[in-house]
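Here is a short report for a first look at this protein. The sequence and model come next.

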Amino acid sequence: MSEKKEKFIIFALAGILLLIVCLPVKKEENGILTKKKEAGYARETPAADQSTTADGEAVREETDYGRALEKELEELLGCMEGVGQVKVMITLQSGGEDIVEKDRPASRMNSSESDSVGGSRNTSEMESEESTVFITDEQGRQIPYVRKKLKPTVGGVAVLAEGGGTESVRVNISETIQALFGIDANKIKIAKMKTAK
């Protein structure tokens, strides 16, 4: 794909993302429709008891993690000179991952053979297995032992800032986001926030 096509696609996606961010969204909580609107920005939130499965909890954890990142970034950027009021939306590229503990027993067998002519042959065989280590939880269920949890990675960031129309402010915001999340500049979109009339 050519560089021009890639840039066009990125700008088109960024435009769609900005439209989504600026539109009010209805939120359903326990069967009641409500409207959440804060400075022209609305976002749908799942009901607290919406899902009880492990997958549902993972999605909820990922959503909470994304919102926590957005809030922290908004607070940080809001302290920057020239930025003013700011709203941030972060998309997560991949879900988190649990690294489970593995048991890897290995055995080695060496053997030497000699023949009647005086020649010898040494052979070595190695055998290994891999199995997941399990622990017992409070309910007596066997669950894998998680030795490390990897957080989801940031895929893109959109920023609406009062000072977003100034080139130096956009550069400072972009460089800050690149330093924090290790993403390329083409995955960051900064625009001037609409002022209230």
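Buried means under 20% relative accessible area, exposed over 50%, and partly exposed in between, with a 1.4 Å probe and protein chains only. Helices (H or I, at least four residues) and strands (E, at least two) are DSSP runs, numbered from the N terminus.

This is a predicted model, where local features need pLDDT of at least 70 and side-chain atom pairs count only at pLDDT 80 or more, while totals for chains, interfaces and linings use all residues. Residues are numbered from 1 along each chain as its sequence is written, and side-chain values use heavy atoms, without hydrogens and water.

The protein has three helices and 13 strands. Of its 197 residues, 22% are buried. Contact means heavy atoms within 4.5 Å. Among contacts between residues at least 6 apart in sequence, 59% join residues at least 24 apart.

Strand S6 lies largely in the open, because zero of its nine residues are buried. S6 runs antiparallel to strand S7. Strands pair if DSSP finds at least two bridges between them. Met109 has Glu125 in S7 as its bridge partner. The hairpin of S6 and S7 has five residues between the strands, and Gly118 there takes a positive phi near 110°.

| Item | Value |
|---|---|
| Strand S6 | residues 106-114 |
| Strand S7 | residues 120-128 |
| Helix H1 | residues 3-22 |

Leu13 sits in helix H1. Leu13 is exposed, with a relative accessible area of 53%.
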